Amino acid sequence: MGGPEIERLIQLFAKVPGLGPRSARRAVLKLLQYPEARMLPLAQAMAAAARAVKHCALCGNLDSVNPCAICADPKRDHTMICVVETVADLWALERSGVHPGLYHVLGGTLSALGGTGPDDLNIRPLLARVQPGDVQEIILALSATVDGAATSHFLTDRLAASGVHVTRVAQGVPIGGALDVLDDGTLATALRARR
Ligand SMILES: [Zn+2]
């Protein structure tokens with residue numbers, strides 16, 4: 001069905017997170033009905049994004065510029081850094097508009113079982129960002145799991161010497177990868193209720 005070009009497209013679509021073979025087939029079929037209006041713009045946008053994407057050397061965000069637009073924005077509060085596990089968490093917090101400061105993406109949590117140690121995460125660059133003394137508050141917004149809590153403890157320990165104020169978002173909020181599904185009110189409450 002559909003020839004090799006279309007089969008290949010369906011196979012690639014099926015690898016998109018959230019899509020399986022069935023929904024990939026349905027999406028491709030839908031797009032094929034509007035090759036000029038929908039498919040070519042999508043293909044061009046994907047190629048452009050793939051060429052443009054960069055990791056921010058400061059915070060680990062994904063953007064088309066490095067440093068990212070958040071790190072480069074002079075209107076943001078550069079004395080506050082919110083530490084998150086993933087870029088998805090950063091984007092979710094950013095959409096909610098509750099955090100006026102900067103971010104730092106760890107890339108996960110420490111995990112004894114999973115064999116993830118401090119050097120596997122973006123921790124050293126975080127400590128380096130705090131060094132110059134401009135940062136006054138680090139907000140830890142990590143998941144409310146055993147690993148998330150262990151990571152928060154570890155970071156609080158390592159940051160103690162810097163004299164920076166370390167806070168955590170309210171406990172019991174299922175963040176970390178799941179930030180995405182929280183509504184803005186919950187996020188705002190969690191961030192304001194930090195301690
Ligand atoms: Zn950045």
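**Notes on the predicted model**

1. **Confidence.** The mean pLDDT of the protein is 89, and 88% of its residues reach 70 or more. This is a predicted model, so those values describe the predictor's confidence. Among the elements, strand β2 (residues 62–63) has the highest mean pLDDT, 98. Helix α7 (residues 184–192) has the lowest, 67. Where pLDDT is low, the predicted coordinates should not be read in detail.

2. **Overall layout.** The protein has 195 residues, and 36% of them count as buried. Its secondary structure comes to 7 helices and 6 strands. From the N terminus on, the order is α-α-α-β-β-β-α-β-α-β-α-β-α.

3. **Zinc site: donors.** Which residues hold the zinc ion's protein donors? They are Cys-56, Cys-59, Cys-68 and Cys-71, each through SG. The donors lie 2.3 Å from the zinc ion. In sequence, the donor residues follow the spacing C-x2-C-x8-C-x2-C.

4. **Zinc site: geometry.** The site of the zinc ion has 4 donor atoms, with angles of 106 to 115° among them. The site is tetrahedral. For comparison, the ideal angle for four tetrahedral donors is 109.5 degrees.

5. Are Cys-68 and Cys-71 buried or exposed? Cys-68 has 0% relative accessibility, so it counts as buried. Cys-71 counts as buried too, because its relative accessibility is 9%. The cut-off for buried is under 20%.

6. **A cis proline.** Check the peptide bond between Asn-66 and Pro-67. It is cis, with omega of about 0°. Pro-67 lies in the loop between β2 and β3 (77–84). The next residue in the numbering, Cys-68, is one of the zinc donors.

7. **Val-53 and Val-65.** Val-53 is found in the loop between α3 and β1 (54–55). Its relative accessible area is 46%, so Val-53 is partly exposed. Val-53 and Val-65 are 12 residues apart in sequence. In space, their C-alpha atoms are 7.6 Å apart.

8. **The largest pocket: lining.** About 160 Å³ of space lies in the largest pocket. Its lining consists of Leu-9, Leu-12, Phe-13, Leu-31, Pro-35, Met-39, Leu-40, Leu-42, Ala-43 and Met-46.

9. **The largest pocket: where the lining comes from.** Helices α1 (3–13) and α3 (35–52) each supply at least two residues of the lining. The largest share comes from α3, with 6 residues.

10. **Helix α4.** Several residues of helix α4 (residues 87–96) are buried. They are Val-87, Asp-89, Leu-90, Ala-92, Leu-93 and Ser-96. Asp-89 is a charged residue by class, and it is in that buried set. Just after α4, Gly-97 takes a positive phi of about 70°.

11. Arg-168 is found in strand β6 (residues 165–168). Arg-168 counts as partly exposed because its relative accessibility is 21%. The cut-off for buried is under 20%. Arg-168 and Cys-82 are 86 residues apart in sequence. Their C-alpha atoms are 9.3 Å apart in space.

Key:
Residues numbered from 1 in each chain as written. Predicted model: local features only at pLDDT ≥ 70, side-chain atom pairs only at ≥ 80, totals over all residues. Heavy atoms only, no water. 1 Å grid on protein atoms, 1.4 Å probe; cavity = no way out; pocket = protein on both sides within 12 Å on 5 of 7 lines; lining within 4 Å. Points joined across faces, edges and corners; volume = space filled by probe spheres on them. Helix = DSSP H or I, 4+ residues; strand = E, 2+ residues; numbered from the N terminus. Donors = N, O, S within 2.8 Å, 3.2 Å for Na, K, Ca; no water. Tetrahedral: all angles 85-135°; square planar, octahedral: opposite > 155°, others 65-115°. Buried < 20%, exposed > 50% of the residue type's maximum accessible area, 1.4 Å probe, protein only. pLDDT = per-residue confidence, 0-100.
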